[in-house]
Amino acid sequence: MERFYDPKGIEEKWYDFWEREALFNAEIDKDKKPYTILIPPPNVTGILTVGHVLNMTLQDIVIRWKRMEGYSALWFPGTDHAGIATQNEVEKELRKEGKSRHSLGRENFVKKVWEWKETYEQRIIAQLKKLGSSCDWRRKRFTLDEGLSRAVQEVFCKLYERGLIYRGNYIINYCPRCKTAISNDEVEHIETEGKLYYIKYPIEGKKGFLNVATTRPETMLGDTALAFHPEDNRYKPYKNKSVVIPVIGRKIKIIEDNFVDPKFGTGLVKVTPAHDANDFEIAKRHNLDFIFVIDDDGKMTDEAGKYKGMDRFDAREALIEDLKEMGLLQKVTEHTYSVGHCYRCNTIIEPYLSDQWFVKMKPLAEKAIEAVKRGDVAFHLPRWKKVYFHWLENVRDWCISRQLWWGHRIPVWYCDKCNELVVRVEKPEKCGECGSSEFTQDKDVLDTWFSSWLWPFSTLGWPDETEELNYFYPTDTLITGWDIIFLWVARMIMASLEFTGKIPFKNVYFNGMVRDENRIKLSKSLGNSPDPLDLIEEYGADALRIGLLFITPEGQDVLFSTERIEVGRHFVNKIWNAARFITTTTENENIKTDEQQVVPETKEGEWLLSKLQKLIPEITSMLEHYRFNDAAKTLYEFFWHEFCDWYLEMLKPILKRGDKKINQNICSVMTQGMTTLLKLLHPFIPFITEELYQRLSHSKKTLIISNWPTREKGLIKEDIEKEFAILKEIIMALRNIRGEMSIPPKRLSPCIITSSKAFALDWIAPYEIYIKELGKVDSLTVGLNLEKPPFSASWVIEALEIYVPLKGLINIEIEKERLTKEIKKLKKESILLNRKLTNSKFLKKAPKDVVERTEKKWADFLSKIERLQKNLETLIEGKKDE
């Protein structure tokens, strides 16, 4: 084998092989159970982020594991047309050329977006393949392809027929930058340090003013009333009286309404029905007028008078200056409040009165709530159920129309002659009201999520009853970010129950967000996410995958660091080097394959296979419970420490003896142990494990379709494991003594192991070779009640005492001086730590993990001081005895 692992050629070789041999393909097989994962379709807006890498890695782990368990395992791939996001990206490119979508026209612009989609979808799929994603690529879908378009049109029409879709004039969230409505769940609310403006409204026919506080003074120009709470006695005398809107001089009435909070501002609020959702509801209750003063470009309208044509925020500044000059601005105070921003371009949202299409959500939500309450859909972690229930129990109707060109056109037609509205997939032939055959389709498109909520069943052929739908649906597991629990997860459950009568998936695992060191989510738009292809080029896909898992606690957010990817690379290299040792050792031996049972004939072989029988169900259970981070760390610890540091080192002295029969058995056990570990590691790091599987004695054509390991109870040896646990402690004690007493690395030492109990010593004889080799011991004495020689360092392990005579190994006087200095230094440091731990301010303000680390460090110092003190006393007493 090559000395160093080079992932580039190996990763490409094996991905091409897996694809060529159709090993990712899942077929309808009545002899196998299906297992289905649907990919959360990435947006065709550019490259994937490190967040995508984490999400895709987790899905690939599950599907590779289930494939090895014998399921017909389908990972269904696809991409999302991402209406607003993709249209924005293409418009940016057009602006660089001095063009706009309007200069191209709708048809040509949509063609341009399709060209963009083809380019970036190919890039995304190339990234997924580089990562090792084992999707069934034959089945790739796109949320705007012909089949999904048919499903979308069908669902719109059915919901309309059932009275669950309606058109209405309501306040919606409008983005002046994207020039479209967006749903409540697409608005990002950001806590903002703003201002509260107290404006004086002159009372009609009287001297004096009424003061009103507002965060948006420019909307004052569209006021149609002032309102107070019915129980607020301060304003009862003014009920049905009028005030004059400053600057423009229009008269408005003073009304009372239960919605008003008497504690906010002055207790009197301005009502601007066309530009505020709450004011819209007040206006409906009191029959108020709706006056538009901000248009869909975010500019002031004719109704705004002298401010016409100004940007809304420029108008705010100009209006405030005018109010100051008129003496109608009482005061301005600092005020922190939540401001809605567009989730795609970060523009401040404008509440806007507009005709839009909506879905009635409450009837759909009721079934979705019950499905999760019954446990039909399980959330991992369960805490997300509370969030899910809260949203669905308070769900508002979903605005689904978008003023975009890229997306699913709404299947609504208007008669050109009488304006009759017809909802149907195909263009009507004749108007039922007037007989005209001339129709115009609704110009709006549907919200991106309207196609995404159908993803679990539309991709499998719905509305047709296909074999795939009957076999692979409901799907088994959805792995996605918690940030789209409302936008996507809840809606998929609603749509699936409504249109198939079944849940869309049995389990949902919410992975955390990947953030940078400043805890900001990695994203393409912010430019803080490295290109996954660059990371794969530098570290390799396996190192990137496992490195990310090492820093991904269950369901928690991840702070990305290339240092952890470096740890992943070190681990991959460790596996390679272990395989090099094994292949070199076994190259001339007749080795049994991984499917043939090997009976170990040496202690370390019995120990390894016994430990593996416990590791197998442990890893399987972790995967069953979506504990990916725990599984990755457990495999890392086992492979690096148990397998490499202990097992491989222990068998070396046995091999040196040259017993051909024993050595052949050792090679078979070693190969089988390595192969088992490669199988357990394969879902996490598929490339290197496949490469090494092929280089070892194996039974299957390829690791990807080999059998997932199962526990062999007959190989479990509890007595051997207990003996090895003590053996390892003995060897570590000898290593600690050598380190603490500064015994030169190349010097071997004598060792005495004694006890007052015979049973504590009876098991040691077969293990003496390991103690000598790994503990650097040249003479080992084991016996009952042996005396401690002078100048001997000691260690106690349960009923055993270990002595290492130091005379002749070190300079006693120099060592006494060194130990004295070391103890003094540690005592000083432990005093400082103790002061910190008894400081109430530190204990109150420091994070819990920092306090725990400090406590552990202090305890370790005390333990080490005690050991060094004992060693020093040994040297002093030895001098006296001499």
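## A salt bridge within one helix

R695 and E691 pair up in a salt bridge, with their closest N and O atoms 2.8 Å apart (a salt bridge being a side-chain nitrogen of Lys or Arg within 4 Å of a carboxyl oxygen of Asp or Glu). Both sit in helix α21 (residues 686-695), and because they are 4 residues apart, about one helical turn separates them. Helices here are DSSP runs of H or I with at least four residues, strands are E runs of at least two, and both are numbered from the N terminus.

How exposed is R695? R695 comes out partly exposed at 32% relative accessibility, while E691 is buried at 4%. The cut-offs: buried is under 20% relative accessible area, exposed is over 50%, and partly exposed lies in between, using a 1.4 Å probe and protein chains only.

## What kind of model this is

This is a predicted model, where local features need pLDDT of at least 70 and side-chain atom pairs count only at pLDDT 80 or more, while totals for chains, interfaces and linings use all residues. Residues are numbered from 1 along each chain as its sequence is written, and side-chain values use heavy atoms, leaving out hydrogens and water.

## Salt bridges across the chain

Searching the whole structure turns up 60 salt bridges. One of them joins R138 to E27, with the closest N and O atoms 3.0 Å apart. This pair ties together distant parts of the chain, 111 residues apart: R138 is in the loop between α5 (106-131) and β4 (141-142), and E27 is in the loop between α1 (7-20) and β1 (34-38). R138 is partly exposed at 47% relative accessibility, and so is E27 at 41%.

Then there's E350 with R312, whose closest N and O atoms are 2.8 Å apart. Here strand β14 (residues 350-359) supplies E350 and helix α8 (residues 312-326) supplies R312, a pair 38 residues apart that links distant parts of the chain. Both E350 and R312 are buried.

## A three-stranded sheet

Which strands make up the open sheet, and in what order? There are 3, arranged β8-β7-β13 with antiparallel pairing; two strands pair if DSSP finds at least two bridges between them. From one strand to the next, the twist averages 20°.

Strand β7 (residues 187-202) and β8 run antiparallel and are joined by 6 bridges. Y197, for instance, has T214 in β8 as its bridge partner.

## Strand β9, covered on both faces

In strand β9 (residues 225-228), A225 and A227 lie on one side and L226 and F228 on the other, and all are buried. β9 runs parallel to strand β11 (residues 251-256), with 4 bridges between them, and A227 stands opposite I255 in β11. With strand β12 (residues 268-271) there are also 4 bridges, but that pairing is antiparallel; F228 has L268 in β12 as its bridge partner.

## Two helices at an angle

Helix α15 (residues 532-539) and helix α16 (residues 541-550) have axes that come within 7 Å and cross at roughly 110°. Axes are lines fitted to C-alpha atoms over the stretch in contact, and angles run from 0 to 180 degrees between N-to-C directions.

On the α15 side, P532, L535, I536 and Y539 meet A541, A543 and L544 of α16, where contact means heavy atoms within 4.5 Å.
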